[in-house]
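Please read it beside the sequence and the structure shown below.

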Amino acid sequence: MDSSHRRLSAHSQRSHPDEPLSEHGEAPQAGSSRLKPGAQLTLMRYLQDLPDADVPPSPVPPRYHTGRLPNSKAGDGKPRLLLMGQRRSGKSSISSVVFHKLPPSETLYIETTTRIKKESMHSFMDFQVWDFPGHLDYFDPAFDVDNIFEEIGALIWVIDAQDEYLEAIMRLNMTILNLQNSYPNINVEVFVHKVDGLSEDYKSDTFRDIIQRVQDELSDNGYENAPVSFYQTSIYDHSIFEAFSKVIQKLIPQLPTLEALLNSLCSTCHIEKAYLFDIMSKIYIATDTSPTDIGSYEICSDYIDVVIDVSEIYGWDRPAENGHSEIAETGNNDAESLITMERKGNNYLYLREINKYLALICLMGDDSPAEKKAVIDYNVGVFQAALKQVFPRAERDVPQTTSEE
Amino acid sequence: MNTGKRQKQRKVLLMGKSGAGKSSMRSIVFSNYVAKDVRRLGATIDVEHSNIKFMGNLMLNLWDCGGQDGFVENYLNHQRNHVFGSVAVLIFVFDIESREFPADVISYSNIIRALQECSPGAKVFVLIHKMDLVQARLRAQLFDERAEYIRTASESFRDSVDFFPTSIWDQSLYKAWTQIIYFLIPNAATIEGLLQQLAEVIDARELILYERTTCLMVTHVTRGEEGQNPFTDRFERISSILKTHKQSMAKHTGIPAGSANFAEMQIKTGRFMFFITRLTENTNLAASIPPSEQVFNAARVNILLVRPKFAELDIASKPRPGIQQAFAHSAESDRDRDRLRDHSAGGESEYRGKGKEPVSIGMGGGFDG
């Protein structure tokens with residue numbers, strides 16, 4: 001895939017001590033108070049569907065990448081993802097599969113989107129997804145262009161790789177060129193979609209062709225090095241989730257810090273690969289900087305399913321347990337899980353719930369046997385504490401850059 | 001029936017019209033196929049035999065009988081005794097979408113007649129398959145209608161035949177096969193008795209015994225208020241979860257699905273603790289326990305100690321190995337326990353309290369039947 005999504009790491013790792021704290025430090029967080037006392041709900045899948053689920057403090061409003069001018073009027077502060085592209089390119093299917101857990105096979109029955117659909121995600125990161133009808137001409141003067149693009153986090157342009165894509169590219173370029181003047185910093189993410197139906201060769205040819213055409217045309221118009229990234233996606237495998245992960249990661253200003261923390265955790269505990277997952281959407285918001293491959297992402301993502309499904313089965317509301325008060329104290333507040341494989345040389349999987357929205361999942365090689373679990377537990381605890389400082393919640397901690405040592 | 005090895009060979013016939021989904025079902029349950037892989041399967045020619053070792057002393061001798069008319073006629077005429085002799089279980093699969101349901105039933109009753117003649121003591125399970133193709137609200141009604149109609153054609157098996165709606169796309173497949181397997185297990189009652197004792201000892205809310213390769217439930221023990229768990233289909237669901245996980249591991253690590261077994265899986269939350277670990281060569285034990293580290297550690301140790309007892313049940317090789325073996329094991333586990341006690345610091349008090357009991361299972365409690 002395109003490597004331009006690594007651009008971020010150029011930013012300083014110590015970017016946040018000077019971040020404006022006051023904005024969110026003041027909002028007293030309800031924490032888990034809306035949950036019944038004593039009922040330690042963990043890993044609840046449907047939390048985001050509760051209308052009154054408490055919303056986590058939005059991480060520091062993204063200050064770069066968004067193209068927002070410092071003096072622009074304050075909006076709702078949620079990063080906004082715009083889904084655009086030709087009609088029938090798969091925009092609504094993407095949003096249903098990723099954010100509503102619709103089985104991919106059911107997307108055949110989705111009807112054409114006729115008006116802009118706005119959906120809010122109350123997950124770890126609060127963001128909005130705007131699903132655009134394919135036929136809209138955004139630059140029609142009747143449209144309030146500013147209103148649409150002002151607070152945008154990323155523009156996701158979906159191209160159907162199985163269809164004639166020249167017109168789509170033309171419109172994409174037109175859009176980019178139009179936006180270039182007023183909002184030069186918008187991330188444009190191009191999803192070359194429905195690649196599952198193409199053969200391997202044809203797939204990469206198409207992908208290269210699309211990249212080539214977009215870049216050529218942009219540079220012909222004098223726009224070099226446009227902030228455009230390309231992904232091959234399909235709703236029938238995990239690629240769409242991975243692409244979204246990368247899109248979302250660009251909107252997290254603290255990403256370099258998170259990556260540094262994860263790197264440090266990995267080297268301390270000999271972890272092969274660590275992911276910080278958003279449990280609800282199964283988007284990973286950060287991983288250590290060692291090379292990723294889709295296989296390990298899929299293992300982790302499937303693993304979350306296992307843990308959530310089992311938790312659903314045995315986490316039901318039991319009638320009050322009398323005489324077990326001492327047990328309640330020793331129970332884990334954060335869910336954790338460990339899978340060890342039977343054969344030598346296979347990976348271990350470790351999951352730890354970091355907060356209501358995030359889970360840390362580690363893949364470990366066989367050089368770090370399960371006996372080290374106590375060490376890992378401890379270090380993950382440290383990691384958790386560090387994370388709390390990066391994303392302050394109820395406590396008004398002064399955030400500091402922290403690492404394991 | 002009891003040979004020297006006391007290995008029970010049970011003959012299981014899998015029949016039904018061509019294309020009903022017999023081989024798909026078999027591949028998913030026994031050969032680690034994913035539901036969408038089954039479209040690779042071709043038509044079954046004649047009979048495909050497979051021997052499936054299940055729970056040590058139970059050997060399933062599965063006859064997957066191709067359903068094309070020519071083959072069926074052959075089974076009923078030339079091979080009548082060969083095919084229908086000494087059958088333990090007949091599984092007959094109906095396709096809910098079939099356009100010739102009455103013709104299917106006629107073919108069914110021919111087979112039933114042959115079975116009645118050659119193996120009158122057999123048990124019949126009827127699976128009404130591909131239920132996913134029916135609209136959800138019509139399923140129950142359609143299933144009942146079909147089942148009633150088929151029952152009238154079941155001759156002398158009319159009262160004993162069991163019906164299940166199934167689909168390879170959800171856990172209903174596991175539900176049906178769990179029942180079938182349970183029927184075939186020779187010492188289910190003994191296993192249940194032992195599990196019950198074990199559950200008392202480790203204060204488990206629920207213990208579920210799974211077969212390792214198929215992830216089918218063998219039996220389960222539920223204690224106390226866990227009986228009110230609203231997820232009544234949890235056993236099949238866990239089967240299905242485990243199977244999916246196995247396939248995911250196999251797919252992404254490149255290990256063959258048959259050996260992508262985990263040694264242990266634990267999940268700890270504030271509401272429950274759950275772990276699955278190996279019990280015997282062919283079984284995994286899943287335990288749901290209260291959320292407490294002490295109980296958790298004690299449970300793990302106790303399960304470790306009780307393994308030999310179950311292993312013996314699993315194999316049941318010699319006529320009366322019971323007593324000596326039990327003693328030998330208990331001596332061994334005494335040593336184990338002492339060793340472990342030195343190591344266990346955290347859950348010590350709990351452990352001492354409960355540690356003695358599995359030994360008593362090993363010696364006198366269990367295996368007098």
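**Backbone, cores and ring contacts**

A:His270 is partly exposed, with a relative accessible area of 43%. The model is a predicted one. In chain A, 56% of the 405 residues are buried, and in chain B buried residues make up 56% of 369.

**Chain composition**

- The secondary structure of chain A consists of 10 helices and 11 strands.
- For contacts in chain A between residues at least 6 apart in sequence, 72% join residues at least 24 apart.
- Chain B comprises 12 helices and 11 strands.
- For contacts in chain B between residues at least 6 apart in sequence, 68% join residues at least 24 apart.

**Positive phi in chain A**

- Most residues other than glycine have a negative phi.
- A:His270 is not a glycine, yet its phi is positive, near 55 degrees.
- A:His270 is placed in the loop between H7 and E7 of chain A.
- A:Arg88 likewise has a positive phi, of about 60 degrees, although it is not a glycine.
- The loop that holds A:Arg88 runs between strand E1 (80-85) and helix H2 (91-100) of chain A.
- A:Arg88 has a relative accessible area of 65% and is exposed, the cut-off for exposed being over 50%.

**Helix packing in chain A**

- Two packed helices are described by the angle between their axes and the distance between the axes.
- Helix H7 (residues 255-269) and helix H10 (residues 373-390), both of chain A, pack at an angle of about 170 degrees, and their axes are 10 Å apart.
- Angles over 145 degrees count as roughly antiparallel, and H7(A) and H10(A) are therefore roughly antiparallel to each other.
- On the H7(A) side, the residues that meet H10(A) include A:Leu258, A:Leu261, A:Leu262 and A:Leu265.
- On the H10(A) side, the residues that meet H7(A) include A:Ile376, A:Val380, A:Phe383 and A:Leu387.

**Aromatic pairs and clusters**

- Over all chains, the structure holds 20 aromatic pairs.
- One of these is the stacked pair of A:Phe277 and A:Tyr297, with 5.5 Å from centre to centre and 15 degrees between the planes.
- A:Phe277 belongs to strand E7 (residues 271-278) of chain A and A:Tyr297 to helix H8 (residues 294-314) of chain A, so the pair ties together parts that are 20 residues apart in sequence.
- Both A:Phe277 and A:Tyr297 are buried.
- A:Tyr297 also pairs with A:Tyr284 in a tilted arrangement, at 5.4 Å centre to centre and 50 degrees between the planes.
- This second pair links distant parts of the chain, with A:Tyr284 in strand E8 (residues 283-287) and A:Tyr297 in helix H8 of chain A, 13 residues apart.
- A:Tyr284 is buried, as is A:Tyr297.
- In chain B, one aromatic cluster is formed by B:Phe92, B:Phe94, B:Phe101, B:Tyr108 and B:Tyr149.

**Charges over rings**

- B:Arg146 lies over the face of B:Phe101, 4.2 Å from the ring centre; B:Phe101 is one of the members of the aromatic cluster in chain B.
- In chain A, A:Lys282 lies over the face of A:Phe241, at 5.8 Å from the ring centre.

**Nonpolar cores**

- The largest nonpolar core has 95 residues, of which A:Phe244, A:Leu276, A:Leu360 and B:Phe274 touch the most other members.
- H8(A) gives the most to this core, with 11 residues.
- Beyond its neighbours within four places in sequence, B:Phe274 is in contact with residues of both chains, among them A:Val310, A:Tyr314, B:Ile238, B:Met265 and B:Phe296.
- Another core, of 57 residues, lies apart from it and includes B:Leu14, B:Val29, B:Ala35 and B:Ile191.

- B:Lys123 is located in strand E5 (residues 123-129) of chain B.
- With a relative accessible area of 14%, B:Lys123 is buried.
- Not counting residues up to four places away in sequence, B:Lys123 touches B:Ala88, B:Val89, B:Leu90, B:Ser160, B:Asp162 and B:Phe183.
- B:Phe157 sits in the loop between helix H5 (139-152) and strand E6 (162-165) of chain B.
- B:Phe157 counts as buried, at 2% relative accessibility.
- Apart from neighbours within four places in sequence, the contacts of B:Phe157 include B:Ile112, B:Leu115, B:Pro120 and B:Val124.
- The C-alpha atoms of B:Phe157 and B:Phe125 are 10.0 Å apart in space, and the two residues are 32 apart in sequence.

Technical notes. Residues numbered from 1 in each chain as written. Chains lettered and ligands numbered in written order. Predicted model: local features only at pLDDT ≥ 70, side-chain atom pairs only at ≥ 80, totals over all residues. Heavy atoms only, no water. Phe/Tyr/Trp six-rings, centres within 6.5 Å; stacked < 30°, edge-to-face > 60°. Helix = DSSP H or I, 4+ residues; strand = E, 2+ residues; numbered from the N terminus. Buried < 20%, exposed > 50% of the residue type's maximum accessible area, 1.4 Å probe, protein only. Lys NZ or Arg CZ within 6 Å of the ring centre and 35° of its normal. Core = buried A, V, L, I, M, F, W, Y, C linked by side-chain atoms within 4.5 Å. Contact = heavy atoms within 4.5 Å. Axes fitted to C-alpha atoms, helices over the stretch in contact; angles between N-to-C directions. Parallel < 35°, antiparallel > 145°, perpendicular 65-115°, else oblique.
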